Amino acid sequence: MRKIIAMVLAKIMDEGEIMFVKICGVTCEKDISYIEKAKPDFAGVILFFPKSKRNISLSRAKKLKGEMPEGIETVAVCVSPSLEQVLDIRDAGFSYIQIHGKLSVEVLDALDKMGHPERMEVPDMRKLKVIRAYNKVEEEELAEIEKLRERDEVFAFLFDAKEPGSGVTFDWTQIPDQDFLKKPYFLSGGLNPGNVYDAVRKAKPDGVDASSGVELSVADASFLANLMGVSSLVDDSLYGEGHCRQSDLSMKDMDKIQVFVEKARKAANTFA
């Protein structure tokens, strides 16, 4: 909690208004080099979800976390995680977990107590702060929010599109007001450098999150591959055997990340 308070105070002093910026879907060292230049607050790695082209192994995520610049928190992003997966994430050294899909009672209890009974005596037990993600807000979600907003382990809520990472915009009119949430919230789903300023103006979130909106377009990826004389930007000759690139379309774009962060910060100050 002290670290979160320090982060908030530093942002107020530096920028005059709080706006957390998160870049999701980090897959390799090149992405981290872009993040180091743009300086968002959070970087997300996707775990235990092979359907995503941005999914990476826990060991790979731990390595990337160790290379993340100081002051940027790495978030473990997962879908309907099991208790074992949550504990593995905690034991890998993560401080934040972003949960999409189902949040079981077992997992929620573990996040509060952090673990199995046999682990309860570990003196340096790490707490995980939760970013709870929703892709719709109906009666069931509102009931859960009412419960989670009172829990210390819940850091923030996040509102995303039906298919995270799809580039589809979330329906901002569904988002409950701040008096109901009682926690910071991130706006996600289809955000990019071209619409983040307007999104902050209209929805006034506490944070914004981008993934596909800060990645290379199909045309850009094809152009760069041709320029380099390879069939694909995930060719082993470019990154070495065993690299983590899965698709040209999951490659981050340095300029897009930079502009996205800058516009989000500017909007936060303008529409405070």
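A polar contact is a pair of N or O atoms within 3.5 Å. The legends below describe a predicted model.

**View 1. R149 in the loop between α6 and β7.** The side chains of R149 and E150 are joined by a polar contact of 3.5 Å. The R149 side chain also reaches the backbone oxygen of F180, at 2.6 Å. Over the ring of F180 sits the charged end of R149, 4.8 Å from the ring centre. Not counting residues up to four places away in sequence, R149 touches F157, F180, L181, K182 and K183. Because its relative accessible area is 15%, under the 20% limit, R149 counts as buried.

View 2. An α-helix has 3.6 residues a turn, so residues three or four places apart point the same way.

**View 3. The largest nonpolar core, with 56 residues.** I97, L111, F157, F159, V208 and F260 have the most contacts inside this core. Helix α11 (residues 254-270) gives the most to the core, 6 residues. Another core, of 13 residues, lies apart from it and has V77, Y96, I131 and A133 among its members. Leaving aside neighbours within four places in sequence, V208 is in contact with residues including M19, F20, V21, F186, L187, F260 and A264.

View 4. F42 belongs to strand β2 (residues 42-47) and Y96 to strand β5 (residues 96-100), so the pair ties together parts 54 residues apart in sequence. Both F42 and Y96 are buried. F159 and Y185 also form an edge-to-face pair, with 5.7 Å from centre to centre and 70° between the planes. Since F159 lies in β7 and Y185 in β8 (residues 185-187), their pair ties together parts 26 residues apart in sequence. The relative accessible area is 0% for F159 and 5% for Y185.

**View 5. An aromatic cluster and a lysine over a ring.** F20, F42, Y96, F155 and F186 form one aromatic cluster. The charged end of K65 sits over the ring of F94, 6.0 Å from the centre of that ring.

Definitions and conventions
Residues are numbered from 1 along each chain as its sequence is written. This is a predicted model: local features need pLDDT of at least 70, side-chain atom pairs count only at pLDDT 80 or more; totals for chains, interfaces and linings use all residues. Side-chain values use heavy atoms; hydrogens and water are left out. A nonpolar core is a set of buried Ala, Val, Leu, Ile, Met, Phe, Trp, Tyr and Cys residues joined through side-chain atoms within 4.5 Å. Buried means under 20% relative accessible area, exposed over 50%, partly exposed in between (1.4 Å probe, protein chains only). Helices (H or I, at least four residues) and strands (E, at least two) are DSSP runs, numbered from the N terminus. Contact means heavy atoms within 4.5 Å. A polar contact is a pair of N or O atoms within 3.5 Å; within protein, one must be able to donate a hydrogen and the other to accept it, and residues adjacent in sequence count only if both atoms are side-chain atoms. Rings of Phe, Tyr and Trp (its six-membered ring) pair if their centres lie within 6.5 Å; planes under 30 degrees apart count as stacked, over 60 as edge-to-face and the rest as tilted. A charge sits over a ring if NZ of Lys or CZ of Arg is within 6 Å of the ring centre and within 35 degrees of the ring normal.
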